[in-house]
Amino acid sequence: MTDLRPTDGRELRNRQIIQSITEFAIIVTDRDGIITDWNTGAEQILGWTRAEMIGRSAEAFFTPEDRLKGQIDREMMASLQTGRGIDERWHLHKDGSCFWASGEMMPLLDEAGEHTGFVKVLRDRTEQRLAGEALEASERRYRSLYDAIDEGFCILDLRFDDDGHPIDYRFLEVNPAFERQTGLQGVVGQWMKSLAPGHEAYWFEIYGRISRSGKAERFEQFANELGGRWYEVYAYPVGDRSDGQVAVLFNDVSQRRHDIQALAESEEKWRGLFENLEEGFILGKVQRDASGRVVDWRYEEVNNAWGKLVGIEPSTVVGRTVRDLIPGVEDAWVNEFAQVVETGQAIRFTRKVDTLSRWYDGTCQPVAGDRFSVIFVEVTERVRSEVRSKALLELSETLADLDDPDAMPGAAARIIGKALGVGRVGYGTVADDGETFTVPSDWTADGYPSLAGTYRIDDYGGYAENLRRGRTVVIPDIRLDPRTSFNTGPLERVGVRSLINHPIVENGRTVAVFYVNDDRVQPWTAEEVAFIQSAANRTRDTVERRRAEVNLKTSEERQRLAIASGEVGIFDVDLATGSLTWDERARAAFGVATGHLVGQAEKLSTLHPEDRAAFDAALAAAMEGAPFDLQFRTIGLDDRQVRWVNVQGQVAGSKGAQHFIGAVRDVSQRVAAEQRQTVLNHELAHRLKNTLAVVQSIATQTLRNAPDMTTARDSLTKRIQTLSKAHDILLSGQTDAGSIDAIIRSAVALHDPDERIVLRGPSLDIGPKAALTLALIMHELATNAVKYGALSVPEGRVHVAWVVDIDETTKLPTLALSWREVNGPPASPPTRKGFGSRLIEMGLSGSTGGSVELDYASDGLKCRIRASLTELQADDA
């Protein structure tokens, strides 16, 4: 009797194997013949689906004649008595047609060995049956001699040597099936060794043992000399033991053995596929405490991909629990899988294993009893990318709400630090000599030391020169990097094991450093470095704009004083740092050439030696609150000309933050000083005004057409992110123009992680307004492609190309841009036009002779846009 009881993880594996076999119909029934399982092979051979047959009687595929004879009951009884019931007969397809099948029925036992049902295995042998019938038709008059029995039968007379060992046997009697089963002819009276000299010795030993013991035996054995066949044999002694005779009933089971081998090979094939999956797989079983509550789960099987995704050798896993394998693993990894087992409902999850610092996305499904299966992939970089995108949006909003430029670096450090999950983020200014930098304050995680203070750059590794040259420094582990490994002490004492330092460069000099530190080894990715660079540049730009606004107010105060003192050259000296701000007339009064950076000390060096004492006395009095009013001589710092100047001013501000503000007049030539050039950045005001108008339009149109607030929020966020990236492209080039290639790549990046959007066209810059419009159009086309077009299917691609040609009418250069989707679903016009559709149809609006063509073709959407290149490249285009 075949034991099909499941042990350990075999139940799932048996089911997987059974379902994967298509050459055999495998049907499982209960004790009454009601079908409980129906494999893929049964569906293909018999025609009924599993859903159609579960719960029906197995008699459904027996012929009406066999049903009347109770054939299924006979097979069940035979299988219970002998361990299997083997037969070949006609069975029914779903459409009522008949097919000839060779079948075997075996009893099914549970884990306790109790009979729970039957397993019937069928194979379609119709073709062989019909061929046999054709043969039988020509030999019908002889068939009656062979119909009595299909199995081969013979009676053997054994020969023993002098020591009593069986060494041969001869055939006393054989039935007609014998020849068919063995291929031997005319064997009666013949000795086996004369018929098959190489016949295996174990045949003689087995029959000799049966003859002497008087006990029958059932076995399967291989006979190479008989055509390499396998036989199922039932042998029993005949007559007295001293006669040495054995009767043998046998059947050629080579095909069955072949089928078993095929089954094993099929299982091996599916096992190979299972192990080669890129997704991780887990077969687990929950563990319960004495009260039945799930407290853990145990690994019963994992594949190779699991090890790659988790970073643990798979061979060490099976039999261990998740809490043992990953100490400190979050309770949710146990509780949610327990819920799947308890409810029978599958779940999808996206969750982090904090001790592994990895995020996973997958599904968990119930299997049977307390078992479940999990298919998952690692999505750490995707999650981190989403966090970084949200952080950049928060950074923009936070900086926009702050008025104090000195508070902005701290706010930016906090947002960046939390997004990256690091220990410290800060912003320090570099002194003019490039040797020291000062950190007013920084953001730190709980328990992490601050770096607020002033430091020598060279004290913290050999990368100072990189910073001075404007190169970002990325060090995953200071103990391994040659720039720091020779002396890690100063860095490790302030909690630094890994770092990123991004220099801010202005006018060819590093003026500040944005730094990120952590006390753990960090394999910094290119995306994280780009995120830090983008955030640092945005912060610096915003800080400087805010300071420009503050300086504007100070400038207005200086202008007011200049007006009061006669509209002459003006200056502002920071008495704490010695930095000097002055206009061209003030420079001219001291003979300093344009572009020559001068501090207070150098300016004082221009004083005529005979007038220095009077100047010092007047300045000392001004420090005590008296007005400064002095006429004295200067010797030009660059032109060495002697001038008489009159300086009027006053000292303002609190102690430690005092400024000497005043006006200077070149009284030697009586030339009225020009008013100091305004510091206000007119282009900034113009750009901000246009951007706010675009954002207002996007928000209005998105909210008007969105079906719900969630959709509106998501669409608005993505569109503003696209607008922001377009601005980044404009700013990164230090000009008002943006590269078409960079604008399109940035606009579609959110929807093209695997780079299925192919760009082709000449290097070409366009103006800021055209850049923003193009970015929004590309974003909307990419969004539609992901939802409905080529990017919604794995094989889909998008080709974006642009060329410049000459318009036949205007004779001016024209930009022609095309968006072409291939290998995707057929395109169809939208049933409702939202903001995105209208934006695309508008094209690069405002351009003379511009046009947009939309072709909703069967092989994918095609969009063609034409616009005047001259207008697109204009500053206000």
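**Note on the predicted model**

1. Surface first. The protein chain exposes about 44800 Å². Carbon and sulfur atoms supply 50% of that area. Please keep in mind that this is a predicted model.

2. Overall make-up. The chain holds 28 helices and 34 strands. It has 877 residues, and buried residues make up 44% of them. Take the contacts with a separation of 6 or more: residues 24 or more positions apart account for 53% of these.

3. Helices α15 and α16. Helix α15 covers residues 380–401 and helix α16 covers residues 408–420. Their axes come within 9 Å and cross at roughly 165°. An angle over 145 degrees counts as roughly antiparallel, so α15 is roughly antiparallel to α16. The crossing is right-handed. From α15, the contact uses Val-387, Ala-391, Glu-394, Leu-395, Thr-398 and Leu-399. From α16, it uses Met-408, Ala-411, Ala-412, Arg-414, Ile-415 and Ala-419. By class, that gives 9 nonpolar, 1 polar and 2 charged residues.

4. Val-543. This residue belongs to helix α19, residues 526–565. Is Val-543 buried or exposed? Its relative accessible area is 0%, and buried means under 20%, so Val-543 is buried. Leaving out residues up to four places away in sequence, Val-543 touches Pro-405, Met-408 and Pro-409. Met-408 also takes part in the contact of α15 with α16, on the α16 side. Leu-399 is another residue to look at here. Val-543 and Leu-399 are 144 residues apart in sequence, yet 8.4 Å apart in space, C-alpha to C-alpha. Leu-399 is one of the α15 residues in the contact with α16.

5. Helices α25 and α26. Which angle do these two helices make? Helix α25 (residues 740–748) packs on helix α26 (residues 768–787) at about 40°, with the axes 8 Å apart. That angle makes α25 oblique to α26. α25 passes α26 in a right-handed crossing. On the α25 side, the contact residues are Ile-740, Ile-743, Ile-744, Ala-747 and Val-748. On the α26 side, they are Ala-771, Leu-774, Ala-775, Met-778, His-779 and Ala-782. By class, the contact has 10 nonpolar residues, 1 polar residue and no charged residues.

6. Gly-761. This glycine sits in the loop between β29 (757–760) and β30 (765–766). Gly-761 is partly exposed, with a relative accessible area of 39%.

7. Ser-211. Helix α10, residues 201–213, contains Ser-211. The relative accessible area of Ser-211 is 2%, so it is buried. Which residues does Ser-211 touch, not counting residues up to four places away in sequence? They are Arg-241, Gly-244, Gln-245 and Val-246.

8. Thr-606. This residue is in a loop, the one between α21 (600–604) and α22 (612–623). Not counting residues up to four places away in sequence, Thr-606 touches Phe-590, Arg-633, Thr-634, Ile-635 and Leu-637. Strand β25 spans 628–635, and the contacts of Thr-606 include Arg-633, Thr-634 and Ile-635.

9. Arg-640. The loop between β25 (628–635) and β26 (642–652) holds Arg-640. Its phi is near 60°, a positive value in a residue other than glycine. Is Arg-640 buried or exposed? Its relative accessible area is 55%, and exposed means over 50%, so Arg-640 is exposed.

10. Asn-823. Here too, check the backbone. Asn-823 has a positive phi of about 60°, although it is not a glycine. Asn-823 lies in the loop between β32 (813–822) and α27 (835–842).

Terms used
Residues are numbered from 1 along each chain as its sequence is written. This is a predicted model: local features need pLDDT of at least 70, side-chain atom pairs count only at pLDDT 80 or more; totals for chains, interfaces and linings use all residues. Side-chain values use heavy atoms; hydrogens and water are left out. Axes are lines fitted to C-alpha atoms, for helices over the stretch in contact, and angles run from 0 to 180 degrees between N-to-C directions. Helices (H or I, at least four residues) and strands (E, at least two) are DSSP runs, numbered from the N terminus. Angles under 35 degrees count as roughly parallel, over 145 as roughly antiparallel, 65 to 115 as roughly perpendicular and the rest as oblique. A crossing is left-handed if the near helix is turned anticlockwise from the far one by less than a right angle, and right-handed if clockwise. Contact means heavy atoms within 4.5 Å. Ala, Val, Leu, Ile, Met, Phe, Trp, Tyr, Cys and Pro count as nonpolar, Asp, Glu, Lys and Arg as charged, and the others, Gly among them, as polar. Buried means under 20% relative accessible area, exposed over 50%, partly exposed in between (1.4 Å probe, protein chains only). Accessible areas come from the Shrake-Rupley method with a 1.4 Å probe; for residues, only the protein chains shown count as cover.
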